[in-house]
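Please look at the sequence and the structure first.

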Amino acid sequence: METVTVQKYNLDEEQEKKEIVRHYRALLRALKPRLKKGDRELVRTAFEMAADAHKDMRRKSGEPYILHPLAVAQITVEEIGLGVRSAICALLHDTVEDTEVTLEDVEREFGTEIANIVNGLTKISNVIDSNTSTTQAENFKKILLTLADDPRVILIKLADRLHNMRTLDSMSREKQLKIASETVFIYAPLAHRLGLYIIKSELEDLAMKYTEQDKYREIAKRLKETKRERTRYINEFIKPIKEVLQEEGYNFEIYGRPKSIHSIWNKIKTKGVQFEEVYDLFAIRIILDTAVEKEKADCWKVYSIITDFYHPSPERTRDWLSNPKSNGYEALHVTVMGPNGKWVEVQIRSKRMNDYAEKGVAAHWRYKEGNQTVQESKFDQWFTQIREILNSPDSNTLDFLADFKSNLFTEEIYVYTPKGDLKILPVNSTALDFAYSIHSAVGNKCIGAKVNYKLVPLSHKLRSGDQVEIITSNKQKPSEDWLNFVLTAKAKSKIKDALKEEKRKVAMDGKELLERKLDHIKASASQYNINELVQFYKQPSPLDLYYQIAVKNIDLKELKQFHVLGDKLEPPKPVKVHEPQPEEHHKQVSKKDAELIIFGESSDKIAYKLANCCRPIPGDDVFGFVTASEGLKIHRTNCPNAAQLLAHYGHRVVKTKWVKNREISFLTGLRIVGMDDVGVIHKITNIISGELKINIAGLTIESKEGLFEGLIKVFVHDKDELDELVDRLKGLEGIQSINRLED
Ligand code: MN
C-alpha cells in the first residue's frame, strides 16, 4: 500500500454543484424508508440552510465545505442507523459554530429538540477546537458532559469524527497526530461502549494509520497478500455447516470477517507473537432470519450443528443470549477447532441481534424514536450512571477520566439481589460497589454484606452468580479508606461527596469559633477578612481554614498580632515570631510549613496528611503511603489498614520518621477504666492540665457498678508526651487500664 497522495481538487463551479447535488440525493435515498409526511421538506430546508451558511468555506482538501456535513449525515443514517431528525442535526452540526447561523435560527426553523442537539454538537466542537491551556483531561470531561444531554449528540459526533478520520490526509502531520490520539483515547472506547463495533474498529484502524504508519502499512500489505489463502480456508470451514443449515430450512447468512489491522497489531504487541501466527484470525458470523420468540432456541440449534463438525473449547463459549452485555449486545459465541488445527471463533445471532450489534445504542434509540414501548434497556441504566457521575460537581477530572475509561473497558460480572434482580458490575467490584449500585444511601450506611448467605467484609470481591445482601447500620459513615477498594466510578464519587459533606459539617464548628474570635478583636467575618486569614494560614480555601480550626490544627493564636483597621484585618509583618532555639536552628522552618513537613530518608520536604483511620502522632511508628489522589498519607504501622496497604501496595510505601517539633499539637484520645472513686476526675484532670500542662479537648466519664470509664481527648506534641501522661495516670490509685483510642 502506497502513501495516499492528496488528490488535487480541480472541479469547476458547474461540476462542483453537480457533486453536491449527487451527495444530497444519496442522503435522501438512504433516508427514504423513514421519510414521513413533511420530512422531505425539512431535510431540504436543513440542507439549504447549511449549504448557504457554508457557501464560502472550503475544507483543507479544497472541496466545498458542505460535502462534510452531507457525508456526516450519510454516516449518521447509513452506518449508525439514526433517522430524519438526526440527519438534520448532522447537516447543521457545524453551522452555529462556524457561520452566521444562530441557535435561534435553528430553533425557529426546526424546533427545540433539534436546536438542543445542535447546541450539544457546538459545545463539543468548542471544546475540541479551542487551543486554550486547558488540559486534555478537562477537555474530555467537557465532551462527556455534553453527552448527558441527548445520546444522539455523541452519536452524531462519532459520525463527524469518523468522516474527519477518513479524510485526515489533507491535515498537517501535527493535526493528524492530535486528532488520531484523541480518537483512540476517547471516541473509539465510546463507540465500543455504545455497541458500535464496526465504527470502533474503523476508528482504531484509521488512527493507527497515522500514529503507527509503518506497522499499519506492513500489516495491511500482508493481509492483502494472504487474502486468497484465507478465503479458501473460510470456505472450507463454512461448507458443511452451510449444507446442514440449508437442509434444515434456515434463512441465514454466513460469512468470515478478518480481524481489523488494529486488533492484529494489538495481538502482536500484547502476546509477543509474529504476524504469521495471527494474520489468519477471523470470526465466522452466522446471522439467522428468525422470529423473536424462536431466536434463542435457534441460535443453540446452530451451535449444536457447528459442534457436530468441530470441537468446541468449553471455556471459550460465551452465552450473551441469556445474559446480554450491558450495552445491549446479544449473541452466542463459540470457539471451535477447525481444519489444520486452527481455532476459529463463530458468532451466532439473529437478524435483530445483529442490528443491535452493528448499530448498537443507535438501534435502540431508533426503536425508541419510533415510539414503540421498549423496556428500559441496559444502555439507559449505563447512561443514567454516567450522568450521575458527570453531575457530581467536584470529582477530580483525571480521576474521573480514569474511572470513566476503566468503566468503558472492563468486563462485567452478573450478581443478584436477594429478590433475584440482576445487577451488572465491572469485574473486581466489591460488596461496597454493589451497595452503591443499589443506592448511595445504602452504600453510605453499609457495614458488610452476606454473599451467598455468608458474612463478608465491605471489600469482598464479588463473582458472577453471587447473591448479595447488604447489611447497613445507621451509625455507619463513609471513610477515606473505602476509596482504596471500591472500583466503580459511582461508588467513588458518592464516597467523596459524603466525605466532603462530613468535612463541611466539621468545618461549621471552626467557622463559628473563628467568628467569635473575630468578634472579640472587633473585626468582622467579612469575605475580605476571611480571605486574609486563608492566605495567612496558607489554606486552599475558606472551608479548609474552618476545618483546620475545628480540628485544632490552627489555634488562631496569631490573630492577636493582626491589626484591625476599621473592621479590616491586616496581617502582621512577616517578622520572626519567636527567637529560634539554638538546637532547632539548623532546620528552622516556619510554623505553618512545619505542619506540613516530615522527613523521609532524603530529608526532602513532603506534604502529607495524617490518616483518619489511626490518627498517628509524632513518635508513633509510622509509614507514609502514596495515595492515588491525595498525596502522602501517614499511617501507624499498627493501623488496622496497614497490613493490607503494605501487602498490596508495597511500591507506594514511603519510609518516614518524625521531626522533633514542639510547636504543633496532635489530637489523640485515651480510654481510662478504673474504680469509681470520689475525686478521681479531679485527680486525672489535675495531672493532665495542671502538672503536665497538656490541653484537654474533651472529657466524658461514665460510671457503672462501681467502675468508671473515661474518654479523654488531649492535644499532645508527640508520643513521648503521651507516654509520660499514660505513665502518670497509671500511677493513680484504682486505675485499671489505659488504652489509646484508635479513632
Ligand atoms: Mn464537523
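Q: Which residues of α3 meet which residues of α4?
A: The model is predicted: local features need pLDDT of at least 70, side-chain atom pairs count only at pLDDT 80 or more, and totals for chains, interfaces and linings use all residues. Numbering starts from 1 along each chain as its sequence is written, and side-chain values use heavy atoms, with hydrogens and water left out. Contact means heavy atoms within 4.5 Å. On the α3 side are Pro 69, Leu 70, Val 72, Ala 73, Thr 76 and Val 77, and they meet Ser 86, Ala 87, Ala 90 and Leu 91 in α4.

Q: How are the axes of α3 and α4 arranged, and what does that make α3 relative to α4?
A: Axes are lines fitted to C-alpha atoms, for helices over the stretch in contact, and angles run from 0 to 180 degrees between N-to-C directions. The two axes come within 7 Å and cross at roughly 155°. Angles under 35 degrees count as roughly parallel, over 145 as roughly antiparallel, 65 to 115 as roughly perpendicular and the rest as oblique. That makes α3, relative to α4, roughly antiparallel.

Q: Is the crossing of α3 past α4 left-handed or right-handed?
A: A crossing is left-handed if the near helix is turned anticlockwise from the far one by less than a right angle, and right-handed if clockwise. For α3 passing α4, the crossing is right-handed.

Q: What is the orientation of α9 to α10?
A: Helix α9 covers residues 151-166 and helix α10 covers residues 173-193. Their axes come within 11 Å and cross at roughly 140°. That makes the orientation of α9 to α10 oblique.

Q: Which residues of α10 does α9 meet, and what is the hand of the crossing?
A: From α9 come Ile 154, Lys 157, Leu 158, Arg 161 and Met 165. In α10 they meet Ile 179, Ala 180, Glu 182, Thr 183, Tyr 187, Leu 190 and Ala 191. As α9 passes α10, the crossing is left-handed.

Q: Within what arc do the buried residues of α2 fall?
A: Buried means under 20% relative accessible area, exposed over 50%, partly exposed in between (1.4 Å probe, protein chains only). In α2 the buried residues are Asp 39, Val 43, Ala 46, Phe 47, Met 49 and Ala 50. They line one face of the helix, because seen down the axis of α2 they fall within an arc of 165°. The arc is that of the directions from the helix axis to the C-beta atoms.

Q: Which helices do the buried residues of α2 pack against?
A: Helices here are DSSP runs of H or I with at least four residues, strands are runs of E with at least two, and both are numbered from the N terminus. The buried residues of α2 pack against α1 (13-31), α3 (67-78), α4 (84-92), α5 (95-98) and α6 (103-110).

Q: What are the contacts of His 262 beyond its neighbours within four places in sequence?
A: His 262 sits in helix α14 (residues 261-271). At 14% relative accessibility, it counts as buried. Leaving aside neighbours within four places in sequence, its contacts are Glu 204, Asp 205 and Met 208.

Q: Which residues of α11 are buried?
A: Helix α11 covers residues 197-211. Its buried residues are Tyr 197, Ile 199, Lys 200, Leu 203, Glu 204, Asp 205, Leu 206, Ala 207, Met 208 and Tyr 210.

Q: Is Lys 552 buried or partly exposed?
A: Lys 552 lies in the loop between α25 (542-550) and β12 (563-565). Its phi is positive, about 65°, although it is not a glycine. At 40% relative accessibility, Lys 552 counts as partly exposed.

Q: Is Lys 693 buried or exposed?
A: Lys 693 lies in the loop between α28 (680-691) and β21 (695-704). Its phi is near 55°, a positive value in a residue other than glycine. With a relative accessible area of 65%, Lys 693 is exposed.

Q: What does Val 673 touch, not counting residues up to four places away in sequence?
A: Val 673 lies in strand β20 (residues 666-675). It is buried, with a relative accessible area of 17%. Its C-alpha is separated by 5.7 Å from that of Phe 708, 35 residues apart along the chain. Val 673 touches Phe 708, Glu 709, Ile 735, Gln 736 and Ser 737.

Technical notes: Expected span 1.5 Å × (residues − 1).
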